[in-house]
Amino acid sequence: MSSFPPNLYVHFPFCRRKCSYCALYSRAVEVKSESVKCKTKEYVDEIVNHLHSTLYTLTSNFKTIYFGGGSPALCDIRPIFAALSPYIDESTEFTVELHPEDVTREKLSELKAGGVNRISMGLQSLDDKTLKAMNRGYDAEYAAEKFALVKEYFENAGVDLIVGFPGDPCEGYEKLASWGLKHCSVYSLQNERNLKNVPDDDFILDKIREVDAALGAFGLERYEISNYAAKGYECRHNFAVWRGEDYLGIGEGAFGRVGRTRTSFGKTETVSEDDDFKERRLFRLRTREGLDTSGRSDWAKTMDKFVSEGLASKAESVYRLNRRGYEVVDSILAELI
């Protein structure tokens, strides 16, 4: 029996509407349309068939499963739960992303019954005008009510935020203290849709520092450049990716890594041993665990320079970025690569 990746990512491309900032792979659909229901059923059937054709090689249960999108809840994903049920146990971290409009008691009960134990809700902003400009379809009060409902069913729940959307004051994060967050992802706007009046880098960095302080004040610690969590609630799936573990990607917009094979959007490529090694090791620098440079004197020499510049610390062969280092991590990684 062959080995099988211990981590699974399943992508669902369907959305109620396209957000104004989003350049990710997704497509807007009329939720109540019968033709859409047929398309989502066909999509789920394809996922199930893919799982059935590959899961026989699984030698142990999944460590992590992550359903992302898009909006997974726009599909009837119960057949996927049935296909996965023999391969999960209480130790499996099973995450599903939810749009606030997905949150109903019926849907939350369905997810819990399917083995889901972690929810990531797309909040994006606490400012009503910004949410409208983003085309999110709700206001901050609605989002707060929906997250409170999520917490009735799932202790392990968090939200996503975007910093740098034009006109967003990026304020009021202290309000999140009452939400009971266990996790928060904070992303700077990637202006891939050429939005106008995007704030400059200095503004964005200042706001991220404010978010950092606000989240830290109620117990969420930064464990990766864009992610904060209460102790013990770090996203194990994402950590697995940053640590260089293999993961199977299924679905139209999914990426996967198995050995030296990379999959994305139905395409497959094989990377060199050197590129594979770099990918699996270097991105640990994004996390608080840091980069172990054992066996790579060239990396150690480069990192020593960044330590001297006040961007990182060193403990034996392990280097960890500080806050300023996180702000210029792309440049640091470019030198290492």
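## Cavity, pocket, cores and ring pairs in a predicted model

Leu-205, Ile-208, Arg-209, Asp-212, Arg-222, Arg-323 and Glu-327 line the largest cavity. The elements giving two or more residues to this lining are helix H6 (201-217) and helix H10 (323-327). H6 gives the most, with 4 residues. By class, the lining of the largest cavity holds 2 nonpolar, no polar and 5 charged residues. The space in the largest cavity is about 30 Å³. The whole structure has 1 cavity of 30 Å³ or more.

This is a predicted model, in which local features need pLDDT of at least 70 and side-chain atom pairs count only at pLDDT 80 or more, while totals for chains, interfaces and linings use all residues. Residues are numbered from 1 along each chain as its sequence is written, and side-chain values use heavy atoms, with hydrogens and water left out.

Some terms come next. Rolling a probe the size of a water molecule over the atoms shows where empty space is left. On a 1 Å grid over the protein atoms alone, a cavity is a set of points where a 1.4 Å probe fits but cannot get out; a pocket is an open set with protein on both sides within 12 Å along at least five of seven lines; lining residues have an atom within 4 Å of a point. Helices (H or I, at least four residues) and strands (E, at least two) are DSSP runs, numbered from the N terminus.

### The second largest pocket

The second largest pocket has a volume of about 390 Å³. It is lined by 17 residues. Arg-16, Val-31, Ala-73, Leu-74 and Lys-107 lie nearest its centre. Helix H1 (34-54) and helix H3 (105-113) are the elements that give two or more residues to this lining. The lining residues divide into 6 nonpolar, 2 polar and 9 charged.

### Two nonpolar cores

A nonpolar core is a set of buried Ala, Val, Leu, Ile, Met, Phe, Trp, Tyr and Cys residues joined through side-chain atoms within 4.5 Å. Buried means under 20% relative accessible area, exposed over 50%, and partly exposed in between (1.4 Å probe, protein chains only).

The largest nonpolar core has 65 residues. Phe-67, Ile-80 and Leu-84 have the most contacts inside it. Which residues does Leu-84 contact, leaving aside its neighbours within four places in sequence? They are Leu-8, Leu-51, Leu-55, Phe-62, Ile-65, Phe-67 and Phe-94; contact means heavy atoms within 4.5 Å. A second, separate core of 17 residues includes Ile-225, Trp-299, Leu-311 and Ala-312.

### Aromatic pairs

The structure holds 16 aromatic pairs. Rings of Phe, Tyr and Trp (its six-membered ring) pair if their centres lie within 6.5 Å; planes under 30 degrees apart count as stacked, over 60 as edge-to-face and the rest as tilted. Two edge-to-face pairs are set out here.

| Pair | Centre to centre | Angle between planes |
|---|---|---|
| Tyr-21 and Phe-165 | 6.4 Å | 85° |
| Phe-255 and Phe-265 | 5.5 Å | 90° |

Tyr-21 and Phe-165 link distant parts of the chain, 144 residues apart. Tyr-21 is in the loop between strand S2 (14-15) and strand S3 (27-28). Phe-165 is in the loop between strand S7 (157-163) and strand S8 (183-188). Both residues are buried.

Phe-255 lies in strand S12 (residues 255-258), and Phe-265 in the loop between strand S13 (261-264) and strand S14 (267-270), so this pair ties together parts that are 10 residues apart in sequence. Phe-255 is partly exposed, at 46% relative accessibility. Phe-265 is partly exposed too, at 39%.

Ring pairs also link Phe-12, Phe-14, Tyr-43, Phe-67, Phe-81 and Phe-94 into a cluster.

Gly-68 is in strand S4 (residues 64-69). It counts as buried because its relative accessibility is 0%. Gly-68 touches Tyr-9, Val-10, His-11, Phe-12 and Glu-97, not counting residues up to four places away in sequence. Gly-68 and Glu-97 are 29 residues apart in sequence, and 5.4 Å apart C-alpha to C-alpha.

Most residues other than glycine have a negative phi, and most peptide bonds are trans. The peptide bond from Gly-69 to Gly-70 is cis, with omega near 10°. Gly-70 sits in the loop between S4 and helix H2 (78-84). Gln-124, in strand S6 (residues 118-124), has a positive phi near 75°. Gln-124 is buried, with a relative accessible area of 9%. Asn-135 has a positive phi of about 65°. Asn-135 is in the loop between helix H4 (128-134) and helix H5 (140-153), and is partly exposed at 34% relative accessibility.

How values were computed:
Grid points are joined across faces, edges and corners, and a volume is the space filled by probe spheres set on the points. Ala, Val, Leu, Ile, Met, Phe, Trp, Tyr, Cys and Pro count as nonpolar, Asp, Glu, Lys and Arg as charged, and the others, Gly among them, as polar.
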